[in-house]
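Colleague: I am new to this one. Could you walk me through its strands?

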Amino acid sequence: MGVDRGASVYQIRIKGHLDSSWSAWLGGLEVTPLESGETVLAGSVRDQAALHGLLNKIRDLGLPLVGLKR
């Protein structure tokens, strides 16, 4: 996902592994599984509504949120 004007870049850390095939479903975020058993989702998010939508998708997958950094 490219950086959009007015968008913010976020790093979302979740417990569990996702592979890169989830990127499109997660709005084009870069998906990086870590050896620790966590996954980092990173990229540009257009606004707060889009961020809440992403967090809802993560919740729907049943993956615990470990951290969120803007």
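**How the strands pair**

Modeller: β1 and strand β3 (residues 38-45) pair in the antiparallel sense over eight bridges. Strands are DSSP runs of E, at least two residues, numbered from the N terminus; two strands pair if DSSP finds at least two bridges between them. This is a predicted model, where local features need pLDDT of at least 70, side-chain atom pairs count only at pLDDT 80 or more, and totals for chains, interfaces and linings use all residues. Residues are numbered from 1 along each chain as its sequence is written, and side-chain values use heavy atoms, with hydrogens and water left out.

Colleague: Which residue in β3 is the bridge partner of K15?

Modeller: K15 belongs to β1, which spans residues 8-15. β1 pairs with β3 in the antiparallel sense. The partner of K15 there is E38.

Colleague: How many residues of β3 are buried?

Modeller: Buried means under 20% relative accessible area (1.4 Å probe, protein chains only). β3 is mostly covered. Of its eight residues, the buried ones number seven.

Colleague: Which residue in the turn between β2 and β3 has a positive phi?

Modeller: β2 (residues 30-33) pairs with β3 over four bridges, antiparallel. E30 has A42 as its bridge partner in β3. The two strands form a hairpin with four residues between them. The turn residue with a positive phi, about 90 degrees, is G37.

Definitions and conventions
Buried means under 20% relative accessible area, exposed over 50%, partly exposed in between (1.4 Å probe, protein chains only).
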